[in-house]
Amino acid sequence: MISTAAPNESAKQTWSGIYTTRARAARAGLFVLVALVPSVLVLLPTLTFVANSFFVVDNGEIVKTFTLSNYATFFRDAEYWNVFINTLWLCFQVALASLILAYPIAWFIWRLPERYRYGLLFLIILPLFMSYVVKLFAIRSILGLDGFLNQFLVFTGFIDRPYMAFLFSRNAIIAAQTIMFLPYMVLPIFLNLERIPPSLIQASSDLGASAGTTFRHIVLPLSLPGVAGGLVFVFIMSLGDYITPQMVGGMTGHTFGRVVWSQFGVTYDWPLGAAFGVVLVLICTTLVAGVGLLSRQRRI
Amino acid sequence: MRAAVIADPRTDTSRGTHPDTGPVFMRASSGERGDRTGSAGENCLLLRAISKTYGGEHALHPTDLEVKNGEFLTILGPSGSGKTTILRLVGGFARASSGRIVLDGEDITELPSSKRPCNTVFQDYALFPHKTAADNVGYGLMVRGIPAQKTAAKVSEALRFVGLEGMARKYPSQLSGGQQQRVALARSLICAPRVLLLDEPLSALDADMRRQMQHFLKRIQKEIRTTFIFVTHDQEEAITLSDRIAVMNQGRLEQLGTPSEIYYRPATHFVATFLGDNNIMEATVLTNGALSLPVGPVERPVFHGQGAQAFWAAIRPERISLPKEPVSGSINIPAKVVDVAFSGALTTLRISPIDTPDHTFMVKLTSCRGTEEFTTGSSVLAAFDPADLSFFPRKPS
């Protein structure tokens, strides 16, 4: 008997009563099923990770005694702290560079007649279907010593011989990540612009505003949630990315992602790596929550 | 001459959207665009052979329309009739495919919407969701660079005028549909437009609020004497509100006239059936000049359509009576009641003439003692005055 109804109710159970009980049970079952997959596959590993961050490594073995020493290391060690702050600054620069490039693109696509709009949008998001590594190699071949950029600059006479510094530097990370994450910035801004009812633009013009004034007072403020979303996307992806810094970063491009990765892949200090990971997760969560709160306050 | 004119409030030239009359917030100061005036009764807006095609399809066939100063003109028609197209052309949101738009003698056909002295109340109100009611209302002054202090005074005046004092700091999402509507209205009026365009502004409101807003619109239009062009598909609304109605169908202007002209003297079959119920009959001109109707000849018909040989004749259901004795001078038709529908104040009957049972008539009677005697199957005598017939051309079959 699957009925969960109170006894006096089940006594006079009608056909519709049975139906709703069954439907309720089915819905609950479905919920458990749907909730189970992410809990087992995402939440559980994350939790073991968090647990690991409170352990310590001794002679290559993880000692399962509770300690805050990993977090203490993070806050006490200026080296880690520097890389961390530097990485946050780098991610912010990447997000900002993406925004500066993406906003005009998104705006331009939005203003296009409908029959070109989605074709162009598709071109912009096409790179999302490509492998991350392929894109990285493509970018490397553009920025490299006999890459497209150097050849072009030599050809146009800006420099007289190929210039090395496009690759293996902090700036190379910014350039590569900006290019790779651009679609993640264009897309939310475009979708947000598309959500602005055309009548608002018409109303602004109707009330005497020029196109520039309409942009400043109506379009820009109303597209800010998309901007915030894009910034958070790009910032978080840049923060978690350790492959790009590894491939184009060189010596000056040492990022926190690389530090975390090396705890797992080089020094095998998993608890310390886990603690660093938890710090990253906390930063990201705070960021998302903060942006969510902000956009709710602005009622847009 | 002048005294006679003043007797009619509609042509009273002492008022109008003159800069020194009307509500304070609509009075223009130098440099604002409300400093034009026009005398009532004169033409304010002229549409000359204006048309709009979308991809070869005529949304609006070449149309002429003259809008008088200070009048409440309603453009009425079903969806796709071109009524909104006219509004968009006047507002500057669509470019005319041909023809000219002239406002106060100035050709505004090529002007962008931001430079036109008209303002629009949009169907969805188009309030800026990130701005307060006050900032929405003050937007038109703000973009013109009017000092904030002056704007604030006018805004609170305008909000008071539409009955929204105390709502200044509310955001559109915190306002009801009717309140949003009033904000949209105040936002447009504060720019002191020569013509206010209203695009089905009441369609999103429930019946009660709708009626309330109709009264409100009518009242403020009387008060400020601004020319209103109101678009709707609701014929009752059109009749209640308008000084004149332009009936549109399939991109063409079918008829332009006062509500009673449109109602009692429809110029086309479409107008006769679109506004209210009507009994329509085929009418043929006989050799002796009389007109033959299915229910009998009419001796001296009042012709409205000239030249045509084939006509439709229409009689409104409420213009048919069911007397006990034949009425002299009327067309008297012995008939049988087919069905009766009681709807409170009105009782609607469908009757079928004894001689031409296929031509049923709808009759609307004010419910009173005696009306309940009419039951399905009972014999009645229907009568109407031939003067109440309206005629419009029919393509000969």
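Chain A splits into domain 1 (7-52) and domain 2 (69-297), with bounds from an automatic or database domain assignment. The centres of these two domains of chain A, taken over C-alpha atoms, are 39 Å apart. This is a predicted model, in which local features need pLDDT of at least 70, side-chain atom pairs count only at pLDDT 80 or more, and totals for chains, interfaces and linings use all residues. Residues are numbered from 1 along each chain as its sequence is written, and chains are lettered from A and ligands numbered from 1 in the order in which they are written.

In chain A, the axes of helix α5 (residues 114-125) and helix α8 (residues 170-194) come within 9 Å and cross at roughly 150°. α5(A) is therefore roughly antiparallel to α8(A) (angles over 145 degrees count as such). The contacting residues (C-beta atoms, placed from the backbone, within 7 Å) are these:

| Helix | Residues in the contact |
|---|---|
| α5(A) | A:Leu121, A:Ile124, A:Ile125 |
| α8(A) | A:Pro183, A:Val186, A:Leu187, A:Phe190 |

The residues of this contact comprise seven nonpolar, no polar and no charged.

The largest nonpolar core has 102 residues; among those touching the most other members are B:Val90, B:Val195 and B:Ile229. Such a core joins buried Ala, Val, Leu, Ile, Met, Phe, Trp, Tyr and Cys residues through C-beta atoms within 7 Å, buried meaning 20 or more other C-beta atoms within 10 Å of a residue's own. Helix α3 (residues 133-142) of chain B gives the most to this core, six residues. Leaving aside residues up to four places away in sequence, B:Val195 touches B:Cys44, B:Leu45, B:Val90, B:Leu103, B:Cys118, B:Thr227 and B:Ile229. A second, separate core of 36 residues includes A:Ile173, A:Ala176, A:Phe190 and A:Leu231.

Notes. Axes fitted to C-alpha atoms, helices over the stretch in contact; angles between N-to-C directions. Helix = DSSP H or I, 4+ residues; strand = E, 2+ residues; numbered from the N terminus. Parallel < 35°, antiparallel > 145°, perpendicular 65-115°, else oblique. Contact = placed C-beta atoms within 7 Å. Nonpolar A, V, L, I, M, F, W, Y, C, P; charged D, E, K, R; others polar. Buried ≥ 20, exposed ≤ 12 C-beta atoms within 10 Å, placed from the backbone.
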